[in-house]
Structures are given as structure tokens and as C-alpha cells.
Amino acid sequence: MLKIERIQTGVIQENCYLIYNETNLLIIDPGAEAEKIAALIEKTGKKPIAILLTHTHYDHIGAVEELRHQYNIPVYVSPLEQEWLSNPVLNLSGLGRHNDIADIIVQPAEEEFELTDYDLGGMKFSVVPTPGHSIGSVSFVFDDFVVTGDALFKGSIGRTDLHTGDMQQLLHSINTYLFTLPDEFPAYPGHGDATTIEHEKKTNPFFN
């Protein structure tokens with residue numbers, strides 16, 4: 001049974017997740033505050049083996065470089081957003097949204113996701129495409145929960161007014177790849193509290 005822990009990071013409280021089994025640990029979307037994330041990693045006593053990115057907006061990648069070098073681990077990203085990592089305009093850090101956010105330049109990811117099943121350190125998950133918030137957005141479907149990035153939130157969906165955003169594409173992504181998961185599945189979003197697939201199918205205003 002995998003365990004999942006949330007760390008809220010940065011000025012807009014992005015959700016970084018640590019997912020781990022008896023031995024190994026995955027870091028999902030380390031947005032900021034690398035020391036805070038590392039402290040919780042050390043507390044788990046597990047070995048970090050990879051950084052997984054749901055997408056590459058600045059609030060999800062700000063701590064990537066520090067953690068990748070601290071633990072000497074690879075970064076995984078959609079090939080559609082590989083170049084965004086090193087481009088502050090595309091990853092939105094260079095648009096002056098927050099005065100305390102410097103331009104974020106992340107070196108290329110070592111691995112580019114395929115839309116398939118993975119087994120990293122005994123942790124099995126599927127990468128599914130959930131574009132609409134951004135063109136390369138993906139979600140990670142584990143055995144009994146899903147990490148949705150900024151595609152699906154509790155009571156809402158990701159914004160679609162940014163570069164490559166598309167409302168109809170996002171609604172299609174959610175209906176096709178998330179709402180077909182078991183109702184009882186917890187869904188862990190990129191911001192805000194966790195929810196379940198059933199709760200969003202029944203109450204999310206974008207689908208009702």
C-alpha cells in the first residue's frame with residue numbers, strides 16, 4: 001500500500017506530493033521551498049528515486065533543480081513541455097505575476113513521459129493525458145488514487161486562459177481519463193484539498 005503526503009509550497013500554495021512504499025519515494029511537482037520538501041523526505045526515511053511533473057508552470061517546478069541535485073535523481077516530464085522548463089515565458093515565471101518570483105530556468109528533464117504504465121521502485125502508475133490547462137498536462141493513476149495536477153480540483157477545474165489552454169479540451173480530458181476511474185478513487189490536485197472522483201462527478205459545477 002502506497003502512502004501519499006502533501007506539502008503546500010510557495011506563494012500560491014501549490015501541492016507537492018511525496019508518494020512512497022516501504023523503500024522508495026517519488027516527488028511530484030516540487031513547486032518551491034526545497035528545504036521544506038527535503039525535511040519531510042528525510043522524516044519518511046525513504047529513498048527518493050525520481051521527480052515527476054504533471055506540467056511545467058513555475059509554481060510546480062521551482063524546487064526541481066535543488067532536489068534533483070541533492071538526491072541525484074532524474075526528472076520526468078511530458079515531451080510537449082520539455083522546452084518550457086528552461087523558458088521563463090512558457091513556464092510563466094517570467095511574466096511578473098509575483099514580484100518575489102525570479103525567472104525559473106530548469107535544465108532539461110532526463111526522461112520524457114510516454115502515455116503508458118510505469119513501475120518505478122516498485123510503485124506502479126499509469127501516465128494519462130489531461131491537457132487543457134496546458135498542452136502537456138498529465139495525470140498519474142496509481143492503484144487506488146490519482147494525482148491530477150491542475151486539471152481537476154475540488155469543485156473546479158484548471159484555468160484555461162494561459163498559453164495552450166483550452167476549455168473544451170480540458171473538459172474532454174477529465175471526462176475521458178479521470179471520470180472513468182472508480183468513484184471511490186481519491187483525487188489529489190495541484191492546489192487545494194483532495195476530493196474523490198464520485199464527488200466531482202456529482203457536484204463539480206463544470207459538469208453539472
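Predicted model: local features only at pLDDT ≥ 70, side-chain atom pairs only at ≥ 80, totals over all residues.
Ground rules. Local features need pLDDT of at least 70, side-chain atom pairs count only at pLDDT 80 or more, and totals for chains, interfaces and linings use all residues. Residues are numbered from 1 along each chain as its sequence is written, and side-chain values use heavy atoms, with hydrogens and water left out.

Start with the sheet. Helices (H or I, at least four residues) and strands (E, at least two) are DSSP runs, numbered from the N terminus. Two strands pair if DSSP finds at least two bridges between them. Six strands make up an open sheet, and its order is β1-β2-β3-β4-β5-β6. The pairing is mixed. The edges are β1, residues 3-9, and β6, residues 111-112. Each has a single partner strand, so one side of each has no neighbour in the sheet. Between β1 and β2, residues 14-20, the pairing is antiparallel, over seven bridges. Take I4: its bridge partner in β2 is I19.

Now the helices on the sheet. Contact here means heavy atoms within 4.5 Å. Helix α1, residues 34-44, packs on the sheet and touches β1, β2, β3 (24-28) and β4 (47-52). The direction of α1 makes about 160 degrees with that of β1. Helix α2, residues 64-71, also packs on the sheet, touching β3, β4 and β5 (75-77). Its direction makes about 145 degrees with that of β4. For these angles, axes are lines fitted to C-alpha atoms, for helices over the stretch in contact, and angles run from 0 to 180 degrees between N-to-C directions.

Next, charges. A salt bridge is a side-chain nitrogen of Lys or Arg within 4 Å of a carboxyl oxygen of Asp or Glu. How many salt bridges does that rule give? Six.

One of them joins D193 and R6, at 3.5 Å from N to O. D193 sits in the loop between β13 (186-189) and β14 (195-196), and R6 in strand β1, so the pair ties together parts 187 residues apart in sequence. A word on accessibility: buried means under 20% relative accessible area, exposed over 50%, partly exposed in between, with a 1.4 Å probe and protein chains only. D193 is partly exposed at 44%. R6 is partly exposed too, at 37%.

Then E65 and R68, with N to O at 2.3 Å. Both lie in helix α2, three residues apart, about one turn of the helix. R68 is buried, at 4%.

D183 bridges to K201, with the closest N and O atoms 2.8 Å apart. D183 is in the loop between α3 (167-178) and β13, and K201 is in helix α4 (residues 197-203), so this pair ties together parts 18 residues apart in sequence. D183 is partly exposed at 32%. K201 is partly exposed, also at 32%. Finally, salt bridges with shared partners join E65, R68 and E110 into one network.

Last, the cores. A nonpolar core is a set of buried Ala, Val, Leu, Ile, Met, Phe, Trp, Tyr and Cys residues joined through side-chain atoms within 4.5 Å. The largest holds 28 residues. Which members touch the most others? L18, I27, I37, I51, L53 and L67. β2, β3, α1, α2 and β5 each supply at least two residues. The largest share, five residues, comes from α1.

Look at I37. Leaving out residues up to four places away in sequence, I37 touches I7, T9, C16, L18, P30, A32, A63 and L67. There is also a second, separate core of 19 residues, including A50, M123, V138 and F145.
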